[in-house]
Amino acid sequence: MWTSFTIELVRNEMCTAVMPVAILSDMFDVNTMDVCEKMFDHVESNVNVLKEPKFFMACKNNLLRMCNDILRRSSRIRHTVFCGRILLFLAIFFPFSERSGLNLISEFNLENATEYLKENHFDQTEYKPDSIAEEEAKSDIIIEKVNVDKNFYLKFWSLQDYFRNPNQCYKTEHWKLFISHTDFIISSFQSHKLEHVNRMDNESAEQNMHYFPKYLTNQKLLKLQLSDVNFRRYILIQFLLLFQYLEAPVKFKLDDFKIKPEQQEWIKNSITTIYEIINNTPPDGVKFSEVVKNILQREEQWNKWKNDGCPDVTKRLPTSDQSDMPAPKRRNLGDVIKNMTANNKVFLGDPDLTMLWNLKPDNLEACKGPERDFLPSFDSFFQEAFEQLDPEFSIESQNKKVNDGNFGWKALRLLAHKSPHFFANNDDPIKKIPEYLENMIKKTMSKEIISIKQGPDKYISPHNEFKKESVIGSDKVDISEEIQDENENKNNTEPDKIEFVKTIKTTPLDQATYLLEVWVEDAENHKSENLIYILEEMQLIEAANILKS
């Protein structure tokens with residue numbers, strides 16, 4: 001009540017902002033721990049009020065001092081839950097990047113030592129308290145115990161010193177001792193399975209789940225501790241945390257604190273074995289294993305954040321708060337365009353379009369690149385249709401590819417780009433596309449076959465009868481004569497024009513050049529780029545260059 005009253009006084013500017021925490025501190029000082037634990041509910045419920053700018057800057061040091069005083073008075077064994085509530089409150093109250101709670105240089109609490117019997121004080125006489133014996137006599141469940149001798153006890157509890165100070169593992173003599181003890185303990189866990197937990201019902205298992213803030217190291221209790229689910233999980237998780245630290249890139253590690261490849265392999269195998277033990281430890285071993293993996297993954301992110309210097313973490317404001325914030329200052333559009341132009345780049349307003357448009361220095365040249373040519377070759381596209389024209393296969397007309405509408409559409413487009421016969425004048429009207437395609441495939445594929453002939457040897461077609469129809473049967477084929485005969489028969493070229501060209505041009509190259517120039521100047525013909533493209537595909541580079549010039 002007094003705290004709420006002082007908070008209202010602060011809001012009305014009738015007292016200083018530190019007054020609520022000062023009153024709370026005095027009240028905690030004069031009350032017992034049991035009363036303080038009940039009073040702390042009021043502190044937790046007002047955490048959002050204390051985080052307000054008006055209270056935070058004035059109260060944060062006093063509030064931290066008050067919580068530390070309570071922690072100093074409390075017992076870590078009797079008031080474990082209360083201590084945890086205080087630490088959780090401080091984590092919520094202070095910002096995420098508050099340096100006082102981050103352990104920036106990654107120090108270990110070396111004062112947290114686990115005391116156990118040393119070798120010269122070890123009592124090897126077996127002892128079982130009467131209370132434990134009576135409980136086991138009443139229980140119907142038989143618990144198998146590990147044979148805990150002097151050697152097992154000393155190896156088991158000596159590992160706590162490595163968990164307290166993992167940097168010892170980077171020293172050769174300590175590492176050998178550590179892996180020896182670890183292999184021994186892990187193999188003991190593997191051989192001693194907690195079968196009795198499976199025989200217990202869920203309620204009984206939950207009732208036996210107790211929290212122990214500190215290990216009890218009495219030699220007579222270790223047998224029972226090894227049969228406890230929580231105790232086993234505590235030890236296995238300590239192993240996983242230690243292994244993660246040894247491999248993690250910590251900023252404040254010394255340069256010589258590095259593990260070798262054979263050590264990494266041993267750690268990897270040990271982690272796999274530990275997860276198998278956790279999965280086989282009831283109840284809900286697999287579920288518990290997934291929770292542990294999630295926690296260790298978050299630990300890696302925490303370590304990376306600390307290595308980066310603990311940058312401030314800001315929360316995204318709600319939409320209503322964002323509307324009240326001033327809009328960020330935008331750059332002048334003219335300056336942006338000017339900078340892009342100076343760097344020979346194009347600015348289109350949208351970041352994705354700007355990125356795509358600036359992938360190449362010259363986009364038009366990039367479009368003409370060979371990697372942008374997706375047209376198939378004649379051999380691959382017309383091979384099947386060319387073979388189906390052979391009478392030897394006796395393929396019915398309706399089953400031929402030339403009767404496929406989709407194939408016909410693609411074939412016409414390919415012929416228009418690559419065939420020199422597609423734009424040739426023809427007085428014969430086209431009746432049906434399949435018939436036209438058969439004729440064009442015969443002419444085009446025949447010319448392709450002839451053009452790749454490498455010598456005077458006679459071209460041997462795989463189908464002899466079709467060779468006589470589609471390929472000229474002479475030993476040496478003159479392509480120019482064949483084209484001229486075809487033009488005379490189908491294009492009805494006037495002999496007077498041919499003689500005129502021969503009189504003004506003497507060599508065949510000059511005659512061809514003259515005819516190409518006349519063809520280009522003819523407005524009724526197609527654009528010269530199409531012919532240049534066809535000539536380049538036919539490897540007639542010299543003729544294509546003449547057209548370009």
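This is a predicted model: local features need pLDDT of at least 70, side-chain atom pairs count only at pLDDT 80 or more; totals for chains, interfaces and linings use all residues.
The largest nonpolar core has 41 residues, and a second, separate core has 29. On the outside, there's a nonpolar patch with about 670 Å² of accessible area.

**The cores**
- Inside the largest nonpolar core, F156, F178, L222 and L246 are the residues with the most contacts.
- Helix 8, helix 9, helix 13 (229-247), helix 14 (261-279) and helix 15 (285-307) each give two or more residues to this core.
- If you set aside residues up to four places away in sequence, L246 touches P166, C169, Y170, W175, K253, I259 and I267.
- The second, separate core counts C36, V47, L63 and F82 among its 29 residues.
- As a bit of background, nonpolar side chains tend to be buried together in soluble globular proteins.

**Q168 in its loop**
- You'll find Q168 in the loop that runs between helix 8 (150-164) and helix 9 (172-191).
- Q168 counts as buried because its relative accessibility is 13%, and the cut-off for buried is under 20%.
- Leaving out neighbours within four places in sequence, the contacts of Q168 are D161, Y162 and H174.

**The surface patch**
- The nonpolar patch on the surface is made of V346, L348, L353, M355, L356, W357 and L359.
- One of these patch residues, L356, sits in helix 18, which covers residues 351-357.

Note on methods:
Residues are numbered from 1 along each chain as its sequence is written. Side-chain values use heavy atoms; hydrogens and water are left out. Helices (H or I, at least four residues) and strands (E, at least two) are DSSP runs, numbered from the N terminus. Buried means under 20% relative accessible area, exposed over 50%, partly exposed in between (1.4 Å probe, protein chains only). Contact means heavy atoms within 4.5 Å. A nonpolar core is a set of buried Ala, Val, Leu, Ile, Met, Phe, Trp, Tyr and Cys residues joined through side-chain atoms within 4.5 Å. Patches are made of residues with over 30% relative accessible area and no salt bridge: like charges are joined within 9 Å, nonpolar side chains (Val, Leu, Ile, Met, Phe, Trp, Tyr) within 5 Å. Accessible areas come from the Shrake-Rupley method with a 1.4 Å probe; for residues, only the protein chains shown count as cover. A salt bridge is a side-chain nitrogen of Lys or Arg within 4 Å of a carboxyl oxygen of Asp or Glu.
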